[in-house]
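Visitor: I would like to learn how to read side-chain packing in a model. Where do we start?

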Amino acid sequence: MGDLNSVVIVGGSLAGHATAKALRQQGFAGRVTIVGAEDRRPYDRPPLSKDFLAGRTAVSDLTLEAEGEELGVDWILGVEATALDVASRTVTLSGTTSGRTRSIGADAIVIATGSHARRLTSDLRGLHTLRTLDDALALKADLLPGTTLAVIGAGFIGAEVASTAHSMGLQVSVIEAAATPLFRQLGEHLGSAVAGLHRANGVDLHLGIPVVGLRGQGRVTGVELADGRIIEADVVLAGIGADAAVGWLADSGLDLANGVVCDSQGATSAPGVYAVGDCSAWFDPSLGRANRIEHWTDSRDRPATAVRALLGGPIQAGGAGLRAPYFWSDQYGVKIQFAGHRLDDDEFVIEDGAAETANLLATWRRDGTVVAVLGMNQPRAFTRHRKALQLVPSK
């Protein structure tokens with residue numbers, strides 16, 4: 001874009017902060033404003049389900065801002081964006097000033113509003129989700145010695161909280177409607193390996209059974225399953241996924257199919273409007289469609305690509321610069337790492353170890369090319385395979 005003097009970043013977490021850093025690192029000297037719904041400066045979310053919950057990490061340890069970092073950013077915190085006019089590139093903000101609706105405009109807008117944790121419909125005390133630092137503080141306060149915890153959902157958040165609570169000496173049950181933990185990401189065979197981690201550590205695991213309701217009056221006392229069983233619990237964590245935080249964009253005219261739809265550089269259909277992080281769905285040439293990724297590394301790394309496009313820098317055609325999606329999870333002392341795109345009909349091979357040992361390396365191949373890799377306590381071998389991954393178009 002020519003004559004670019006100001007950028008508004010809507011979202012004050014990892015992707016928003018990474019966008020501001022990329023703007024300065026790539027030479028942008030104009031005005032940068034970050035609007036954040038939370039009243040906190042950027043902080044790291046992965047420790048919330050692990051070390052922070054267990055009391056091994058303090059709030060001050062979570063900051064994403066390096067010591068002495070000075071990006072020259074104007075911060076507007078504790079304020080939500082409620083609408084976007086793409087023609088004028090103007091963001092409407094919650095609240096009023098002197099009776100007038102507040103708004104802020106810029107030459108370019110970067111949407112980085114992340115996602116919202118899905119919630120169960122209940123006002124019972126003791127029911128939690130985990131997305132923000134405030135969520136983690138509330139859950140931490142409830143996980144007292146002797147607490148019985150039920151985790152609904154065996155995805156990343158649910159499994160990590162179960163592992164952490166177990167390490168704190170609490171009684172834990174995990175309930176998952178799918179056949180295995182991480183079924184969508186890993187498939188049934190390797191999802192069963194994660195199930196083995198839970199069971200080997202004495203965590204009760206209930207698979208393939210939906211939850212139909214909660215029990216309790218005023219405070220939760222249990223979880224009711226579709227087969228009629230009641231899992232008793234003093235505290236319940238709903239780790240049932242997250243939705244892109246794009247409701248405020250409903251009247252913007254942007255394509256919001258599972259997130260803000262973008263090209264392979266993060267540009268939306270509106271000139272001067274980009275999206276990054278969990279709320280964005282970038283075009284992925286290996287899938288032939290826009291794809292929303294909710295992984296930490298993508299929120300950290302992709303803003304540099306979007307900023308390069310925004311500032312008119314060299315563009316790699318077809319998304320050639322995109323790295324394969326990557327996530328990691330620490331559960332019961334085992335580091336689980338996965339990279340790539342796995343499809344159900346890809347060829348699956350265990351390269352080393354065995355699923356039963358929680359020490360293995362597995363790959364998926366498409367037309368003879370490795371397109372995804374999983375490591376469980378295999379960091380060196382995993383890293384070697386990850387570096388060699390290729391983004392092969394799906395059939």
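**Core and ring contacts**

Guide: This is a predicted model. Leaving out residues up to four places away in sequence, Ile 109 touches Val 8, Val 10, Leu 84, Arg 89, Val 91, Gly 272, Val 273 and Tyr 274.

Visitor: Which residues have the most contacts inside the largest nonpolar core?

Guide: In soluble globular proteins, nonpolar side chains tend to be buried together. Here the largest nonpolar core has 46 residues, and Val 7, Ile 9, Leu 84, Val 91, Ile 109 and Ile 111 have the most contacts inside it. Among the elements that each supply at least two residues of this core are β1 (6-10), α1 (14-25), β7 (108-111) and α6 (296-310). A second, separate core has 44 residues, including Leu 62, Ala 162, Ile 336 and Ala 362.

Visitor: How many aromatic pairs does a search of the whole structure find?

Guide: A pair of aromatic rings is described by the distance of the centres and the angle of the planes. The search finds 7 aromatic pairs. One of them, Phe 327 with Phe 338, is stacked, at 5.4 Å centre to centre and 25° between the planes. Phe 327 belongs to strand β22 (residues 326-331) and Phe 338 to strand β23 (residues 334-340), so this pair ties together parts that are 11 residues apart in sequence.

Visitor: Are Phe 327 and Phe 338 buried or exposed?

Guide: Both Phe 327 and Phe 338 are buried. Ring pairs also link them with Phe 156, Phe 348 and Trp 364 into a cluster.

Visitor: Which residue lies over the face of Tyr 326?

Guide: Arg 386 does, at 3.9 Å from the ring centre. Lys 140 lies over the face of Phe 52, at 4.6 Å from the ring centre.

Notes: Residues are numbered from 1 along each chain as its sequence is written. This is a predicted model: local features need pLDDT of at least 70, side-chain atom pairs count only at pLDDT 80 or more; totals for chains, interfaces and linings use all residues. Side-chain values use heavy atoms; hydrogens and water are left out. Rings of Phe, Tyr and Trp (its six-membered ring) pair if their centres lie within 6.5 Å; planes under 30 degrees apart count as stacked, over 60 as edge-to-face and the rest as tilted. Helices (H or I, at least four residues) and strands (E, at least two) are DSSP runs, numbered from the N terminus. Buried means under 20% relative accessible area, exposed over 50%, partly exposed in between (1.4 Å probe, protein chains only). A charge sits over a ring if NZ of Lys or CZ of Arg is within 6 Å of the ring centre and within 35 degrees of the ring normal. A nonpolar core is a set of buried Ala, Val, Leu, Ile, Met, Phe, Trp, Tyr and Cys residues joined through side-chain atoms within 4.5 Å. Contact means heavy atoms within 4.5 Å.
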